[in-house]
Amino acid sequence: MNVAFVASEVVPFAKTGGLADVAGALPKELSKLKCNVKVFMPLYGSIKKQNLKLNYVWSIGKIKLDIGGEVRNVEVWQIQLKDSDVQVYFIDYPKFFKRKDFYTNSPDEHLRWILFNKAVIETIQRLQWSPDIIHLNDWQGGLIPLYIKENYNWDKFFQKTKTIFSIHNIGYQGLFPANIFNETEINSKHFYPTGPVEYYEKISLLKAGLVFSDLINTVSETYAKEILTEEYGGGMHEILNDRKSDLSGIVNGVDYEIWNPKTDPNIYKNYTSAKLSDKEINKEELLKEAGLPYNKTTPVIGMISRIVSQKGYDILAEALPELTKLDVQWVILGSGEKKYERLMKKVARKFPDNVSIIIGYNDVLSHKIEAGADYLLMPSLYEPCGLNQIFSLKYGTIPIVRNTGGLADTVIDWDKSVEEKRNDGTGFVFDEYSGHALFKVIERAAVHFNNKKVWRSIQKNAMKKDYSWKASAKKYIELYEKAIEK
Ligand code: ADP
């Protein structure tokens, strides 16, 4: 099966969130299952061609694309993904992609992604390679299903091609003002109030993807159900309900070659569930690095995320007066909304022995927190899948999560499991999205921390969990087969 996998970020080349982890790992696993996978992404300025030894694709040469009234010369670079047969193709147009951030608010943002979508299609054509499946991820690839069906339907290469659209976060929709419509080169019959690409008088690249792809999926089963509701659908629930029989959920896996305390080169000391005293060394070192005093009996809560309301920062802010009374320490890594960054910095100044906040994006430190913290907190309002809680299970760092999306699918509440005599809990789960409920769950989780026997049971349950990509990749193959039969 030929699979073109299109993503705006891919580990190890570019990452701001979970999509990059998925795009770096799923294609490798698919290729082990006899798929011929090619990944397509932009060549951002941060990706250094020389250092990575990318190969210029001579057979493609310069692709001339007429975008926004200007002819653009696009070039393509290629490399093989490490330890795999997966080929990654980088769409090179420096004027658009050599910018400080991957995503911008600049007036030509739409042109960047129109160019990317067309360039991917034309690269596939020039490779003389006919994909059975084009797998799009989030709105940055949203125009491809429509372009394939209409703008490029003359090409026999795409006659049998089916498209899958994966939603990694429905909150990001690729909305652009109506006056850029002509530059999309979408047939004007699709742009009218409530039409296939229209969203409240704007153009939505997400909606275009949802309407024109052959199948839609998202990254956990619970989120697939949640987005059918008005509360979680981000305005797309009606269109998703129309396509309910084409919508499914497959939980993300993780790449245990990267996220495994036994081999992780980024952490202070490697460990396994057989010798958790080595995990304690990670705690001591992490606290040293974070500038907090070490105390064996005081639990450390780690947080690694974008600092935005979606990740629960509003209820965290609400709960701070209560939370700061508990005997716990916090190591928080992330960046995002300034008001929360400022608030957390203020709290850290007020409680210098208990709270440390590191603003920024730091991959190595994120591994150290996974290894050194006792708990990992994800109190998200919504969470399509969430990866940190899955990483943390493997590190014996107990997740405290809200009962939503992928968090609900991957964490089993310890107390509930004891009540039901299963004793298979792996973390702590709370329902209500409020500061008080957040405080209550942390208070409840902290009760078990100094009960060594119970604590070890929870850690062992967690570390035994296997969320490797293998099982989920098989489900993707089934999804691709379903699309092909359609
Ligand atoms: P989302 O994609 O919504 O941001 P996920 O939990 O699915 O959330 O994935 C986030 C990914 O990005 C994880 O791999 C996480 O470790 C990483 N990450 C988030 N913020 C940071 C940060 N400040 N520094 C390093 N890694 C981060």
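1. Ground rules. The model is predicted, so local features need pLDDT of at least 70 and side-chain atom pairs count only at pLDDT 80 or more, while totals for chains, interfaces and linings use all residues. Residues are numbered from 1 along each chain as its sequence is written, and side-chain values use heavy atoms, with hydrogens and water left out.

2. The sheet. Six strands make an open sheet in the order E16-E15-E14-E17-E18-E19, with parallel pairing. Strands (E, at least two residues) and helices (H or I, at least four) are DSSP runs numbered from the N terminus; two strands pair if DSSP finds at least two bridges between them. E16 (355-359) and E19 (428-430) sit at the edges with a single partner strand each, so one side of each has no neighbour in the sheet. On average, neighbouring strands are turned by 15° against each other, direction ignored.

3. E18 (residues 398-402) pairs with E19 in the parallel sense over three bridges. Look for isoleucine 400, which stands opposite phenylalanine 428 in E19.

4. Helices on the sheet. H11 lies across E14 (300-307), E15 (329-336), E17 (375-378) and E19, at about 150° to E14. H17 lies across E14, E15, E17, E18 and E19, at about 160° to E19. Axes here are lines fitted to C-alpha atoms (for helices, over the stretch in contact), and angles run from 0 to 180 degrees between N-to-C directions. Contact means heavy atoms within 4.5 Å.

5. Helix against helix. The axes of H11 (residues 313-323) and H17 (residues 435-447) come within 8 Å and cross at roughly 55°. That makes the pair oblique (under 35 degrees is roughly parallel, over 145 roughly antiparallel, 65 to 115 roughly perpendicular, the rest oblique). Ile315, Leu316, Glu318, Ala319, Glu322 and Leu323 in H11 meet Gly435, His436, Leu438, Phe439 and Ile442 in H17.

6. Glutamate 322, in helix H11, touches His436 and Phe439, leaving aside residues up to four places away in sequence. Glutamate 322 and histidine 436 are 114 residues apart in sequence, yet 8.4 Å apart in space, C-alpha to C-alpha.
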